[in-house]
Amino acid sequence: ESEEPEEKPEPEEKPEKIEDGIYTIYSALDDKKVLDIRGGSAENGAYLQINETNGTDVQKFQIVYNDQGYYTIINKASGKVLDIKGGNTAQGTEVWQYSANGSIAQQWDIVPVKGEYYMLVAKSCGRSMEVIGSSAESGTGIQINDVSNDDGQLFLFEKIEEAEGPEEKPEPEEKPEKIED
């Protein structure tokens, strides 16, 4: 018998939060499918969907962590924020993009689930973003639904560049240097 205490395995470290930056967000359903704004639209009310990855800005999202512990997700191409349609909290409500308004319908918790995958959970209702019907078909929309940990609710965040600055905040964080006479 050994007198040495048993070594406990180190718990797998999961990041506490996703760092601010620009990301491509992959679906766990198909490693070639990413979040995308339908039709590449820059308009309010354009729906979020999955689509074959093509590297365009419509498939890139700026992730910004706020001081309340939630994230705002901004489409790089349009500058619009991912938002629950009409601020609705009902199961099955689709996710679209909309001008930033600071509402809780535009705030998300990015929760580590398994391995490198995360769920995007709405602050307003505790429901998770989900690929409708867990279909990997391009053009399938995104809705909110009760948390199930199904692959249709799991997403992988690939950081592709540092944030260019908080787009939804009207004032820069640093003041320009004063020019003295």
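Visitor: Why is Lys33 called buried?
Guide: Buried means under 20% relative accessible area, exposed means over 50%, and partly exposed is in between, using a 1.4 Å probe and protein chains only. Lys33 has a relative accessible area of 7%, so it falls under the 20% limit and counts as buried. Keep in mind that this is a predicted model, where local features need pLDDT of at least 70 and side-chain atom pairs count only at pLDDT 80 or more, while totals for chains, interfaces and linings use all residues. Residues are numbered from 1 along each chain as its sequence is written, and side-chain values use heavy atoms, with hydrogens and water left out.

Visitor: What makes Asp30 and Lys33 a salt bridge?
Guide: A salt bridge needs a side-chain nitrogen of Lys or Arg within 4 Å of a carboxyl oxygen of Asp or Glu. The closest N and O atoms of Asp30 and Lys33 are 3.6 Å apart, so the pair passes. Asp30 has 22% relative accessibility, so it counts as partly exposed.

Visitor: Why do Asp31 and Lys32 form a salt bridge?
Guide: Their closest N and O atoms are 3.9 Å apart, which is within the 4 Å limit, so the label applies. Asp31, at 61% relative accessibility, counts as exposed, whereas Lys32, at 47%, is partly exposed. By this rule the count comes to eight salt bridges.

Visitor: How do you know that Lys76 and Glu161 meet in a salt bridge?
Guide: Their N to O distance is 3.2 Å, and that is within 4 Å, so they qualify. This pair links distant parts of the chain, 85 residues apart: Lys76 is in the loop between strand E5 (71-75) and strand E6 (81-84), and Glu161 is in strand E12 (residues 155-161). Strands (E, at least two residues) and helices (H or I, at least four) are DSSP runs numbered from the N terminus. Glu161 is partly exposed, at 26% relative accessibility.

Visitor: What makes the aromatic pair of Tyr47 and Trp96 tilted?
Guide: Rings of Phe, Tyr and Trp (its six-membered ring) pair if their centres lie within 6.5 Å; planes under 30 degrees apart are stacked, over 60 edge-to-face, and the rest tilted. Tyr47 and Trp96 are 6.0 Å centre to centre with 35° between the planes, so they pair and get the label tilted. Tyr47 and Trp96 are both buried.

Visitor: And why is the pair of Trp96 and Tyr98 called stacked?
Guide: Their centres are 5.9 Å apart and their planes are at 25°, so this pair is stacked. Trp96 has a relative accessible area of 15% and is buried; Tyr98, at 33%, is partly exposed. The structure holds five aromatic pairs.

Visitor: What makes strands E10 and E11 a pair?
Guide: Two strands pair if DSSP finds at least two bridges between them. Four bridges join strand E10 (residues 128-131) to E11, so they pair, and they run antiparallel. Met129 stands opposite Ile144 in E11.

Visitor: Which residues have the most contacts inside the largest nonpolar core?
Guide: They are Leu48, Ile63, Leu82, Trp108, Met129 and Phe157, in a core of 28 residues. A nonpolar core is a set of buried Ala, Val, Leu, Ile, Met, Phe, Trp, Tyr and Cys residues joined through side-chain atoms within 4.5 Å. The largest share of this core, three residues, comes from strand E9 (residues 117-122).
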